[in-house]
Amino acid sequence: MTRRRLPEWFLLLLPAIIVIAAVVLIPLIFSLYSSFTPYKLTRPSTLWTWVGTYNYEKILTDAKFWTAFGRTVLFLTIALNLEMLLGLGIALMVNKVTWGQRTLRTVVMFPMMFSPILVGFQFKFIFNDNIGLVNNALQSMGFNVALPWLVDGKLAMFSILFAEVWMSTSVFAILILAGLFAIPRDPLEAAKVDGCTPFQSFRHITLPFLMPFIYIAMTIRSLDVARAYDIVQIMTGGGPARRTELLWTLMSRTGYVDARMGLANAMGYVSIILSVVFTIYFFRKLTAARAQIGMEG
Amino acid sequence: MTEVTLSNVVKFYGKHQALHGINLDISDGEFVVLVGPSGCGKSTTLRMIAGLEDISGGEISIGGRVVNDLPPRDRNISMVFQNYALYPHMTVRENLGFSLKIAKKDEAEITKAVDEAAGILGLAELMDRKPAALSGGQRQRVAMGRAIVRHPDVFLFDEPLSNLDAKLRTQMRVEIKKLHQKVGNTIIYVTHDQIEAMTLADRIVLMQDGHIVQVGTPLELFNTPLNTFVATFIGSPPMNLIDGVVSGTSSIKLAGGLSVPVPASARGQVHSGQQVKFGFRADNLMPYGHAVEEEGERADLELTVTLTEPLGTETILFTDIAGTEVQGKMLNPRPVRPGEVLKFRLMLDKCHVFDATSTDAIRG
C-alpha cells in the first residue's frame, strides 16, 4: 500500500500557512463569528448563542457609536491636513539648510522616537489645568486663567490633536524631504529660465513632484490615526463624558470594560470600512499623481 | 540689439577658481560656440549668462544691460539643457506654452505661438503626449520649441546633442543651424564636440582650465591655431606633432634624425637650438597618386603604414615619422595593407611650428 503524499509545493508552504492561520486567519474568523453572538467575556457560554445581525443593527442605530465615528473622521481630516502642511513647511525649510542638515534631519525625527504612551503622558502633564506648563505659562504672563484643557470637550480635542500633530508631523516632514531630494534639478532650472518666480516654481514643478510622496505619507498616517488609541486613552480616556471618544477608545471600552466582546467586534468590522475607504482614496490619488509626473510611463 | 558682453568674469567654487577673467564680446545675431574638454568652465560660463550660477566677479551684460544681479526670469533668455529638462507632468503643448502661461499671455496668443513653434520643429503630431512617451530626438525638439516660443533675446544651448545617437546628432545639428538662419537670434552654444563647434559656429571660443585659449572663426582656429592645445583639439584627426630642434636658421632636426626646413610662416622667428614641436595635419601628408594636386614646397617621405581607417571618400593612414605616430590621408583610396610602404609628400608651407616649452605657435 502506498501512502498518499502531499504535493511538494504544499509542504513547502505549510509553515507559512500554519503561521498565517494561527496569527491572522483564525482570529479573524473567530472575531467575525463572535460579532454575530452576544459574546460577553464574563459569560463564556454566550459565545454559542447566535443572534444574527443583532449587534450590527444595534450599532447602526447607536448615536454614541456614530458620534465617535464622526469624531474620528473629523480628527483624521484635521490631523492629516495639519501634519501635511506643517511637514511640508518643515521639509522645505530643512531642504534650504546647507550647514548641519544631517543633524537637523535627525532632530526633526525625534518626536517619532517616543512611544505614543509617553507622548500622551507628557502632554497630559503639559495641559494639566493645575500644574500644567501651559496654564502656568499663561498665568505668569499675566492671564489670570486656569483653562480646563483636558476637561472641556473642545479644548480636550484640541489638546489631543496638538499631541498627535507634535508626534507625527515629522513622518510627513521626512517623507516629503525624501521627495524633495528626489526632484531632478533640471526642470527647476528650466522653470527659472522660463520666467518662474520661486513661488511659481514651487506651485508648478515642485508640488506635482511631491504629490506622490504626500499621498504615501497620507496613506500611512490615515491608517495610524484611524486607529488612534494610546494618546487618547492616556490623556483623557475618551472622557470627560465621552467628549473625546474616538472609535478605538469606544471599542476597547465596550470590549474590555463592559466585557461585551461580540458588540465590540461588530464595531470593529464597521469601522474597518473607514480605513478601507481612506486607503483606497489615497491610493487612487497616489496612482494619479504618479501618472501625472510620468513615474508610470 | 542684443549683444552679450562678458568682462573679466570670474567664478569661484569655494576656494577653487573655475573661471579666470573671461572677456568676450558677442554681437547681435551671432552664433558663438564655447568648446573645450570637460571641466574647462564652458558650462559654468553659460550658466552664469543664464543666471543659474552666481557671478563671483566681473560683469555680464545682455543687450547693454548689466545682468549680474538679475534673476533668470528678468534676462529674457531661453536655454536648452543637456537632459532636455522637460516638465514630465505636462504634455508637449503645455511644455511649450508654460513660459507664456507664466507670463500671463492670453490663451489665443499662447496657442498661436505654440503652434508656430510646433510647425517649425515638426511637433504637431506629438502635442498631446507626455515627455515619457517621446524619443530622445523628439524630446530634444520639444526642448528647442520651448526655447523659441518666447522669442528671447538670446538662446543658450548647454550640450544639447550629447545624449543623442550619432545619426540623430548630425540631423539635429542641421536643424539647429536652420533654426538660427530662420530666427536670427544670438545663440551661445556649449559643446565638448569640436565637430559641432566647427559646423555650427560663426565664432568658436575654445576654453581650457577656466581660460579662453583662442577666439575665432572655425577656419581661423583650424588654420592658425595659437598653440598645440588648439591644434590638437580642433580638427579630426588631430594635428600631428613631432618633437624637434631648430638647427641653424632654416631647418628643424626632428627626433630620429630627419631634417625638414622651417616653414615659411615661421622663418626668422626661430633661433638655433630652440626646442620645438613640428606640426602638420593629416591633409598635408598624402601618398603620391592619392593626393590633391597643389603647388608648394614639399618633402618626400617613404613611410610604412601601420594601420588604416577607411572612411569611404578617404582613408586615414597611421604611420611613423621619427618614432612618433602620425596620421596621413589617402584620397580616392585603394585597399592598403598594414606594413605596406608608400611614398608620401608633406606640404611644407602648410606646416606649423610651436615652441616646445610654452606650446605657443611660432608664426610671423
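Biologist: Taking a salt bridge to be a side-chain nitrogen of Lys or Arg within 4 Å of a carboxyl oxygen of Asp or Glu, how many salt bridges does the rule find across the interface of chain B and chain A?

Modeller: In this predicted model, the side chains of Glu189(A) and Arg47(B) meet with an N to O distance of 2.6 Å, which therefore falls within the 4 Å cut-off. Across the interface of chain B and chain A, the number of salt bridges found is one.

Biologist: Which element gives the largest share of the side of chain B that touches chain A?

Modeller: Seven residue pairs are in polar contact across the interface of chain B and chain A, both partners being at pLDDT 80 or more. On the side of chain B that touches chain A, β6 (77-80) and α2 (92-102) each supply at least two residues. The largest share, four residues, comes from α2(B).

Biologist: Which three residues supply 30% of the area that chain B buries against chain A?

Modeller: The area buried between the two chains is about 2,000 Å², and carbon and sulfur atoms give 61% of that area. More than any other three residues, the ones supplying 30% of chain B's part are Arg73(B), His89(B) and Ile102(B).

Biologist: Within chain B, how many charged residues are on the side of domain 1 that touches domain 2?

Modeller: Between domain 1 of chain B and domain 2 of chain B the count of salt bridges is zero, while two residue pairs are in polar contact, both at pLDDT 80 or more. Here α7 (218-223) and α8 (228-233) each supply at least two residues of the domain 1 side. By class, that side has four nonpolar residues, four polar residues and, for charged residues, none.

Conventions. Residues are numbered from 1 along each chain as its sequence is written. Chains are lettered from A and ligands numbered from 1 in the order in which they are written. This is a predicted model: local features need pLDDT of at least 70, side-chain atom pairs count only at pLDDT 80 or more; totals for chains, interfaces and linings use all residues. Side-chain values use heavy atoms; hydrogens and water are left out. Buried area is the accessible area (1.4 Å probe) that two parts lose on being put together, summed over both. A polar contact is a pair of N or O atoms within 3.5 Å; within protein, one must be able to donate a hydrogen and the other to accept it, and residues adjacent in sequence count only if both atoms are side-chain atoms. Ala, Val, Leu, Ile, Met, Phe, Trp, Tyr, Cys and Pro count as nonpolar, Asp, Glu, Lys and Arg as charged, and the others, Gly among them, as polar.
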